[in-house]
Amino acid sequence: MKIDPHAASARAFVRSLNILLKFARLYGYDHVRTIEHLDIAWRELQAAMPPASESGLLLGATGSQLLLDGVPLEGAPAERQFALLLSTAGIASVQFFPAVTHEELRRFARAFPTSKAKPAELVLQLKSALVGVRGVRINEICFIATDARLKDANIAAQLAVASLGDASQDEFKKWLNDPKKLLELIAAAQGSHVEGGNAGAGASATASGLGSVTTVGPGPVLAARGATATGPGVPGTGNPELEFATGPGNDLSPSSRGGDAGGYWIPGGAAVPEGLVPSHSYGRTVAPSEAEMFRILGALTSFGQIASGQGGIAGAGTFQQQIAQLPGTAQATLRQAIAGLAAQTTQTKPDETMLVQLAEHLAIRFALEQFEHGDVKVSAVRQMLDRMNQEIESLRNILGSHENKMTDAGILVESHREILDRQFWAAIPDSGKQSVLLSEDAWCIPPRNVQSYVAGLLEKGNVAEAVNILQNYASCADSEHAEARKKTAAGLSELAGLYSKADPNLLGEALRHVGLRLNIEQEADVQGTVSAAFVRLSQEAASTRSFSAMEQALELLHGVEAQRPGIARTLRGKMGIEERVPDFVDEALRARQVAAGLTGVLKLLPQPAMEQLSARFNRCSQRDDAENIANLAGDLGEEGLQYLRSTMRGGPVTEAVEMAGLLSRLDPQAVEVFLPGRIRDFARSAQDRIVRQISGSGATGRCRILLDILDYVDPLVMPLVIDEIGMSADREALSRLLTIVDGDLPIGSGQYLRVKAVEALGRIPATESIAVLKRIAGGKKVFGWTHSQELRIAALQALEKLDLAWAQEFLPNSGIENEDLALAPLTVFANSKFVRQRRHTRVRLRKPLTAVSTNLKENCRLEIKTASLSGGVATISRHLAPGTQVQLKLQLGLRNLQATALMRDYRAQDMAFEIVDMNLDERTKYRRLLAGKLTHLAPAIEDEAVTAAPPVNPAIAR
């Protein structure tokens, strides 16, 4: 058998404490051995403390016997002498609480005298030493005077033994579970006792033989197991094992309804609990008082203790003695309840928890009678049931082994307090339930009872009545009483789903009551419960898509922020609305129609709303989707725009980059004001992405924004800016492009940018640029052409779009081959359904072109499968972060071409790259290489999957 380590430590502590006191008497408390043993006793006391226990360790004494937590402790003569010392001094027990300290134990030990002293002095010394001590408590013996009527208690014990015969303890437990046998004990007690001490008023009792009891008198008479019973008014029950006589007014007929039932009262119109049989009332019987009801419950608890083996079979006389002392009304009440159970057991097997059922039924009926007669309000019923439940709990602890086994097995068992509440509620008629739920005391009703009643109304179609009840229940959150507010808030947390089911508008109303209470609630514990209710109702609104309730919750939260910002921050993260914004946005975009109330919710959540809309706007590949998102963002009004502006003005770089595209579409002027001053401090990868977001926004003013930031971006990003300016086809860019073409370049840029500017001029239908382009294409010097071949090719390709006749006439004498003009910049389609379009034709290479990096610590190899004049797609030998600058060396047989590229996004196993700088002569060679492989052309339209820049890495952005 496994020994409890805490019990073993407790016994060791008792021994050490006894030795400590013995050493103190021999050597004094300041001796080293005494101090050492004090430390040992302290350690053993700590080990003896049961875990998670508030009561700690109880050391009791009765005579010469020490008790440890109520269990006798076997000990040596020294322990018995210590017990005798405590008992003689009038000390019943010493309680060591878990909070006991080493100093408190030392003070306790020093209170014991080291020389001979009177026992009374020990008590005084202990009281003096333990003043202000919280970890040790002394419990003294208290003698209480008893009623003189208990002098004949031995008669009850004799009758109990006579009734039970020589039954064993197991057989006695069977008697406990049989109400018929319990009635025998009660009848024997009443037959042996006459109130007022007059034993000669027609009542006598004798015990003769085993299992035979004979009682004579006018009281209730019982005969069992062959016994005989005589007396006036003994009716036949038809049961050969049971003859029960109640006398006038105690008929067991189940036909009576209302009034008193043979001492057990059944209110008119009330349901009768299972197992309780009402009877006719020939004369009104006064219902027992609350104190008498507690005496009945106490008697049942005592009988349960006897059955559990505490006191033996002969101890049943104690139970009879307690019953005999009850007033007649209480005895009749108990008899009727047991008789009802006895009638039930004729068809069913007696239950092992019969005493518990009996106690619960008595408690419920008493509470119901008090409530329906108006003696107590519904708010006091719960307190009354709680008090009776505490009394019944002792009985359950004695007889609840079955439930304990279920709990140990991990099976959830309904709490007994909940059982009492549920049974009490079930006994109230519907009219009474409705009256309570519509009163100001509705908060007293447990939420599960409210749920069951309202759910029943909804099933019957009584929606209006259900709504009224729920509205009244929510209004209890404004009660003047803190307990009412606390319980209402807890109930609203449980009923959130019911409020949503009954009427979505009720959620908003409940949120209003709770949200307003958050601003003014002063009680800390109530405030926590109200906060939890606010969170739960908000979560329910979010999960059921009740946007009006969500909007109200957020508005109330703004009010809380003004008064209690700390609480508001905590609640915002728990409400569950912000985390569902992505789902709300996706649903609205898929439906192409905003749900009623969603716009109001998103206005109150500008940050998450704009973050989600911006992310989706940047991922759009088709123009219609981008328009849909922009329209939804525009509906959010100034609240959303203000968040975008503040982010662009001073927000983190990564967030500013993501917001640039949507803000360019909604408010391009704000981007013009804030972006140029910030973009120069951005990392090149961030600059690259922000240019792409602005160009893909479709904003009418995007060209002006790009022109403003041209001088502030990295030189490797400038070619992309020029390309995107040309793709906008905005005449506003002509002046700046013409100056670049003439050689007035931004700081840090090179000749490659002039080629890009010429290509951009070709996409803008403006006659002003024709003269400049002709000068570049046809300009000569003494030996050869004024400008490089690549720049002349780009100019002639632009002129083919602006002045085709001149270009055709000039071509034969230009020194430019038709093959050089094959890869012209692609035409921009104003009505394209795609957000972005390709700038150059992509050529699929039948044989991959090999390139290697030359500027990295660990260089890599690229197998280029598809290429254009502006970049391509390649299989790469190792991972490179998007935005990485790479110096490429393209291997063309014995020749090599050099180019500077930026790595783009991944697609499957490949990675895209974009050429951002290249020697013009080598670009001409690269052009001819691609022109010779024009058997397979890629589509002219570029979708987002090809050109979308990857999100900015925060580390790179910094």
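Is Ser 868 buried or exposed? Select Ser 868 and have a look: with 1% relative accessibility, Ser 868 is buried (under 20% relative accessible area, where exposed is over 50% and partly exposed is in between, with a 1.4 Å probe and protein chains only).

Before moving on, note that this is a predicted model, in which local features need pLDDT of at least 70, side-chain atom pairs count only at pLDDT 80 or more, and totals for chains, interfaces and linings use all residues. Residues are numbered from 1 along each chain as its sequence is written, and side-chain values use heavy atoms, leaving out hydrogens and water.

Stay with Ser 868, which sits in strand S13 (residues 861–868); helices (H or I, at least four residues) and strands (E, at least two) are DSSP runs numbered from the N terminus. Leaving aside residues up to four places away in sequence, Ser 868 touches His 840, Thr 841, Arg 842, Tyr 926 and Leu 930, where contact means heavy atoms within 4.5 Å.

Next, select Asp 688 and Arg 904. Their side chains form a salt bridge (2.3 Å, N to O), that is, a side-chain nitrogen of Lys or Arg within 4 Å of a carboxyl oxygen of Asp or Glu. Asp 688 belongs to helix H32 (residues 684–696) and Arg 904 to strand S16 (residues 895–907), so the pair ties together parts that are 216 residues apart in sequence. Asp 688 is buried at 5% relative accessibility, and Arg 904 is buried at 5% too.

For a last stop, pick Arg 775 and Asp 742, a salt bridge whose closest N and O atoms are 2.6 Å apart. Here Arg 775 is partly exposed at 44%, and Asp 742 is partly exposed at 46%.
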